[in-house]
Amino acid sequence: MNETEQLKAEIQKLTELNGLKSDLISISAHQLRTSLSALKWILKMFIDKDFGPLTPEQDDLIKKAFSSNERMIAFVNEMLTINHTEDSALKYTYEEVDLMGLIDELIFDFSGETYKKHIEIIFLKNNPVKHIIADKEKIRVVFQNLIENAIKYSNENDKIFISVHEQENGIEVSVKDTGIGIPLEAQATIFQKFFRADNAKVVDSIGSGLGLYTTKNIVEYHGGTIRFESSNTGTTFFVRLPLQPTK
Ligand code: ADP
């Protein structure tokens, strides 16, 4: 190998490592944010006295915990913002994934948020599907983002419907909400990094605009597709994944 080739190989390696670092930050930050958000709603329920009155001392401590948690959420959001994930050079690890089980787990993880907003998630299981071969943790991020958004952008007392259908050589998962919808003028840019529609900023000031960007990257890396249909009466996201990755 001559000097130029050696240099090229070195640059290639560094680029790959950089991609690896970016994806790792993005995935960990999203995971962290989900847990911190769950904690936020639990603390908020105490502050709102949903579990009965608190002593002044308890009230003070819970409020301190709440603002400390808010700072952590802001920090994680900052981390997401500075993490310029351009592509997914991170090595994908494929295994058999029980998608129905994974979605069940996610619904359970979000029970604090759904309880607080009186939202019911209805998981239609009449079409049990085959296991797929995928990167489990990344696929978890995909549905975590879609379910998190469906809850965030739903109104109180709404219902969210999730269904899974087997298709030729693949499966399609839909996540349907009856929330605020994606304004027509925002629909072309929804998967762009940092993009947030104005109506979304009103209902949730904390979002990063990176969830759908990451989601699309992961789905496409598996050889799948993501699309949505939206109006001012709600949004449905459709994720199609091959039975095994095509890349
Ligand atoms: P975030 O939710 O953090 O703002 P995302 O990348 O997950 O970022 O989503 C980008 C934008 O897409 C949101 O800000 C919002 O405008 C829009 N969006 C995504 N999902 C929904 C949904 N289910 N209903 C309405 N708007 C949505």
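A residue is taken as buried when its relative accessible area is under 20%, and as partly exposed when that area falls between this limit and 50%. In the predicted model described here, Glu-172 has a relative accessible area of 15% and is therefore buried. The side chain of Glu-172 meets that of Arg-227 in a salt bridge, with an N to O distance of 3.8 Å. Glu-172 belongs to strand β5 and Arg-227 to strand β6 (residues 225-231), so that the pair, 55 residues apart, links distant parts of the chain. Arg-227 has a relative accessibility of 39% and is therefore partly exposed.

The structure contains 17 salt bridges in total. One of these is formed by the side chains of Lys-116 and Asp-48, at 3.2 Å from N to O. This pair also connects distant parts of the chain: Lys-116 is in helix α4 (residues 111-116), whereas Asp-48 is in the loop between α1 and α2 (56-82), and the two are 68 residues apart. Lys-116 counts as buried because its relative accessibility is 18%. Asp-48, at 34%, counts as partly exposed. A further salt bridge joins Asp-204 to Arg-196, with 3.3 Å between the closest N and O atoms. Asp-204 and Arg-196 are both buried. Through salt bridges with shared partners, Lys-44, Asp-48, Asp-50 and Lys-116 form one network.

The largest cavity holds about 380 Å³ of space. It is lined by 28 residues, of which Asn-149, Tyr-153, Ile-190, Ala-200 and Leu-212 are the closest to the centre. Two or more lining residues come from each of α5, β5 (170-177), α6 (198-203), α7 (211-221) and β7 (234-242). Helix α5 makes the greatest contribution to the lining of the largest cavity, with six residues. By class, the lining of this cavity comprises 14 nonpolar, nine polar and five charged residues.

The largest pocket has a volume of about 400 Å³. Its lining consists of 20 residues, and those closest to the centre are Ser-37, Trp-41, Lys-152, Val-203 and Asp-204. Asp-204 is also the salt-bridge partner of Arg-196. The elements contributing two or more residues to the pocket lining are α1 and α5 (136-152). Helix α1 supplies the largest share, four residues. The lining of the largest pocket divides into eight nonpolar, five polar and seven charged residues.

Helix α1 spans residues 3-47 and includes Leu-20. Together with Leu-14 and Leu-17, Leu-20 makes a nonpolar surface patch of about 270 Å². Leu-20 is partly exposed because its relative accessibility is 31%. Gln-12 is likewise found in helix α1. Its relative accessible area is 47%, and Gln-12 is therefore partly exposed.

Technical notes
Residues are numbered from 1 along each chain as its sequence is written. This is a predicted model: local features need pLDDT of at least 70, side-chain atom pairs count only at pLDDT 80 or more; totals for chains, interfaces and linings use all residues. Side-chain values use heavy atoms; hydrogens and water are left out. Patches are made of residues with over 30% relative accessible area and no salt bridge: like charges are joined within 9 Å, nonpolar side chains (Val, Leu, Ile, Met, Phe, Trp, Tyr) within 5 Å. Accessible areas come from the Shrake-Rupley method with a 1.4 Å probe; for residues, only the protein chains shown count as cover. A salt bridge is a side-chain nitrogen of Lys or Arg within 4 Å of a carboxyl oxygen of Asp or Glu. Buried means under 20% relative accessible area, exposed over 50%, partly exposed in between (1.4 Å probe, protein chains only). On a 1 Å grid over the protein atoms alone, a cavity is a set of points where a 1.4 Å probe fits but cannot get out, and a pocket is an open set with protein on both sides within 12 Å along at least five of seven lines; lining residues have an atom within 4 Å of a point. Grid points are joined across faces, edges and corners, and a volume is the space filled by probe spheres set on the points. Ala, Val, Leu, Ile, Met, Phe, Trp, Tyr, Cys and Pro count as nonpolar, Asp, Glu, Lys and Arg as charged, and the others, Gly among them, as polar.
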